[in-house]
Amino acid sequence: MLSRVAERLYWMARYIERAENTARMVMAFSHLALDMPRSVQLSWKSMVSTTGGDAAFDHHYQRDDERNCVKFLLADLDNPGSIMSSLSGARENVRTTRDLVPSEAWESVNELYLFGKANAEAGVGKRGRYAFLSEIISRCQQITGLLAGTMSHDHAYDFIRAGRNLERADMSSRLLDVAGIGLLSKDEDMQPFENLLWINILKSVSGFQMYRQHVRRRVNGALVIQFLLQDKQFPRAIAHALGEVETSLANLPRNELPLRFIAQVKRHVQDAKVETLLKPEELHQFLDQIQMEMAETHASIVDNWFRLDRAA
């Protein structure tokens with residue numbers, strides 16, 4: 001397989017997963033804002049900060065109100081992490097690798113991009129936001145299932161699987177960061193709402209039922225953090241996603257260095273002491289470190305397989 005083809009498959013999967021998880025994050029934060037008492041104001045700019053888009057946002061927007069922040073994350077093409085930027089990137093990458101993926105995948109990605117382009121502005125407003133985000137999530141899941149069920153699980157699919165799960169682990173860590181912003185505060189006004197809002201976080205990753213089945217205890221911050229961080233069976237838990245990346249990379253040739261990086265971040269996630277992460281600043285610092293290690297894993301994948309001089 002040509003290195004440029006492998007890279008496009010990898011990024012196609014990352015962009016699809018990024019669009020889905022950005023939609024989940026905005027939906028979760030919107031639910032948090034609705035459930036919070038009027039006396040407590042959540043900062044929408046803090047959600048932009050968790051995506052690393054502070055500089056781009058400040059360059060293009062004067063105010064950090066709800067509409068501007070949501071528009072930046074949903075429809076702004078100047079934001080490389082927005083839903084529309086991600087869908088555009090996914091469409092271009094799958095368009096140039098149509099000979100390796102099922103034809104239905106190209107059609108589904110193209111239709112998703114066209115849907116986003118036609119409805120993104122309506123999704124920025126409160127009235128149309130839930131319907132737009134739900135449709136984005138549903139269609140991204142459809143594409144993921146289509147590739148898993150109709151594509152040969154060869155090296156091409158290993159790159160797709162690695163990209164998807166590395167992005168999923170990274171975005172799940174950012175969703176936990178959003179949770180920490182709103183839910184780990186010791187403000188007295190927050191305490192009556194804490195369990196309800198942790199439930200919203202679980203529902204945003206479609207994990208509430210699985211939490212109830214496997215944890216079987218009352219929802220609280222420590223158990224939710226442990227579940228979304230360290231559970232090896234729930235697909236959107238960070239530990240599970242990193243395990244999927246490791247399995248995918250193990251199937252590829254010349255994989256020693258990337259496997260070493262992914263094993264390191266996986267070990268740090270599994271060895272984390274959840275009781276030490278219950279303060280917002282501690283959780284934020286830990287997740288920042290995990291995100292840096294995942295970025296190093298990504299860099300090792302790029303150097304090992306996608307750079308033409310190294311791949312040759």
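Reader: Which residues line the largest cavity?

Author: In this predicted model, the lining of the largest cavity is made up of Met12, Ala13, Ile16, Glu17, Ile143, Thr144, Leu147, Ile160 and Arg164. Helices α1 (3–35), α7 and α8 (155–183) are the elements that each give two or more residues to this lining. The largest share, four residues, comes from α1.

Reader: What makes a residue part of the lining?

Author: A lining residue has an atom within 4 Å of a cavity point. Met12 and Arg164 are among the residues listed for the largest cavity.

Reader: How many residues of each class does the lining have?

Author: Six are nonpolar, one is polar and two are charged. Glu and Arg count as charged, and the lining includes Glu17 and Arg164.

Reader: What volume does the largest cavity have, and how many cavities does the search find?

Author: The volume is about 50 Å³. Over the whole structure, three cavities of 30 Å³ or more turn up.

Reader: Why is Arg129 called buried?

Author: Buried means under 20% relative accessible area. Arg129 has 6% relative accessibility, so Arg129 counts as buried. This arginine sits in helix α7 (residues 126–150).

Reader: What does Arg129 touch, leaving out residues up to four places away in sequence?

Author: Its contacts are Val26, Ser30, Trp44, Glu66, Val70, Ala122, Gly123 and Val124. With Ser30 there is also a side-chain polar contact of 3.0 Å; the cut-off for such a contact is 3.5 Å.

Reader: Are Cys69 and Cys140 buried or exposed?

Author: Cys69 has 0% relative accessibility and therefore counts as buried. Cys140, at 0% relative accessibility, counts as buried too.

Reader: How many disulfides are there?

Author: The rule asks for a pair of cysteine sulfur atoms within 2.5 Å. By this rule the count is zero.

Reader: Why is helix α11 described as largely enclosed by the rest of the structure?

Author: Because eight of the ten residues of α11 (residues 221–230) are buried. Those residues are Gly221, Leu223, Val224, Ile225, Phe227, Leu228, Leu229 and Gln230.

Reader: What caps the N-terminal end of α11?

Author: Asn220 does: one of its side-chain oxygens lies 3.1 Å from the backbone nitrogen of Ala222.

Reader: Which residues of helix α9 are buried, and what phi does Ser206 take?

Author: In α9 (residues 194–204), the buried residues are Leu197, Trp198, Ile199, Asn200, Ile201, Leu202 and Ser204. Just after this helix, Ser206 has a positive phi of about 55 degrees.

Note on methods:
Residues are numbered from 1 along each chain as its sequence is written. This is a predicted model: local features need pLDDT of at least 70, side-chain atom pairs count only at pLDDT 80 or more; totals for chains, interfaces and linings use all residues. Side-chain values use heavy atoms; hydrogens and water are left out. Buried means under 20% relative accessible area, exposed over 50%, partly exposed in between (1.4 Å probe, protein chains only). A polar contact is a pair of N or O atoms within 3.5 Å; within protein, one must be able to donate a hydrogen and the other to accept it, and residues adjacent in sequence count only if both atoms are side-chain atoms. Contact means heavy atoms within 4.5 Å. On a 1 Å grid over the protein atoms alone, a cavity is a set of points where a 1.4 Å probe fits but cannot get out, and a pocket is an open set with protein on both sides within 12 Å along at least five of seven lines; lining residues have an atom within 4 Å of a point. Grid points are joined across faces, edges and corners, and a volume is the space filled by probe spheres set on the points.
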